[in-house]
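Have the viewer open as you read.

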Amino acid sequence: MEFSSKLLEKAVNEMAQLPGIGKRTALRLVLHLLKQPKERTGFLAQSLLTMREEIRFCTNCHNISDVAVCEICSNHNRNHQIVCAVEDVRDVMAIENTGQFRGIYHVLGGKISPIDGVGPSQLNISSLVEKVKSGNISELIFALSSTMEGDTTNFYIYKQIKDCEIITSSIARGISVGDELEYADEVTLGRSILNRIPFENSFKNN
């Protein structure tokens, strides 16, 4: 792709670093920004900089937040004895959109994947195990995607807490094997939360 401007080329190359954005889409977006009033581009740039510099992660669940403890964890109307373990913040958003879950979350920050060099120590697993062993949790729901990495992560956590006095459950397999939670429709995802099954059954049947 030939560019008449080095400035344009640099902007397109940076935009193309975003996931799902190819060079042609990046060019279309950059040209769109050029057609907008300068202040609009300034607002966009400033909002991104402010987000990057000021955004925080909840000290309790590791969800993205503007304050030390996120709105979900600080909500006294939520059931703090039921914790739903998810891969990342997109899964929190997906489950919240169903309106079917009133517990709290624990964001692991990924899945165990030796091929990608991701081990348990690189995820928020130890803080989850400590949370369970504190005795303040009655149920832990495993809500990771139905992939080999997701199942491996679930089983690893389960082994760490299996001797604790706690119910462990897994979302029902209304979510197709291999699917990511964020792409599931709200009705299917909501039903999979409501119809969750004992975690032991989820791996005995595989």
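Contact here means heavy atoms within 4.5 Å. Keep in mind that this is a predicted model.

## How α1 and α2 pack

Two packed helices are described by the angle between their axes and the distance between the axes. For helix α1 (residues 6-15) and helix α2 (residues 23-35), the angle is about 120° and the axes are 8 Å apart. Angles from 65 to 115 degrees count as roughly perpendicular and those over 145 as roughly antiparallel, and α1 and α2 are therefore oblique to each other. Their crossing is right-handed.

Who does the touching? On the α1 side, Leu8, Ala11, Val12, Asn13 and Met15 make the contact. From α2 come Lys23, Ala26, Leu27, Leu29, Val30, Leu31, Leu33 and Leu34. Sorted by type, the residues of this contact come out as 11 nonpolar, one polar and one charged.

Which residues of α1 are buried? They are Leu8, Val12 and Met15. Looking down the axis of α1, these buried residues fall within an arc of 65°, so they line one face of the helix. An α-helix has 3.6 residues a turn, so residues three or four places apart point the same way.

Part of the cover over the buried residues of α1 is α2. On the other side of α1, Lys6, Leu7, Lys10 and Glu14 are exposed.

Over in helix α6 (residues 148-161) you'll find Asn154. Is Asn154 buried or exposed? Its relative accessible area is 3%, so Asn154 is buried. Setting aside neighbours within four places in sequence, Asn154 is in contact with Phe142, Leu144 and Phe199.

Key: Residues are numbered from 1 along each chain as its sequence is written. This is a predicted model: local features need pLDDT of at least 70, side-chain atom pairs count only at pLDDT 80 or more; totals for chains, interfaces and linings use all residues. Side-chain values use heavy atoms; hydrogens and water are left out. Axes are lines fitted to C-alpha atoms, for helices over the stretch in contact, and angles run from 0 to 180 degrees between N-to-C directions. Helices (H or I, at least four residues) and strands (E, at least two) are DSSP runs, numbered from the N terminus. Angles under 35 degrees count as roughly parallel, over 145 as roughly antiparallel, 65 to 115 as roughly perpendicular and the rest as oblique. A crossing is left-handed if the near helix is turned anticlockwise from the far one by less than a right angle, and right-handed if clockwise. Ala, Val, Leu, Ile, Met, Phe, Trp, Tyr, Cys and Pro count as nonpolar, Asp, Glu, Lys and Arg as charged, and the others, Gly among them, as polar. Buried means under 20% relative accessible area, exposed over 50%, partly exposed in between (1.4 Å probe, protein chains only). The arc is that of the directions from the helix axis to the C-beta atoms.
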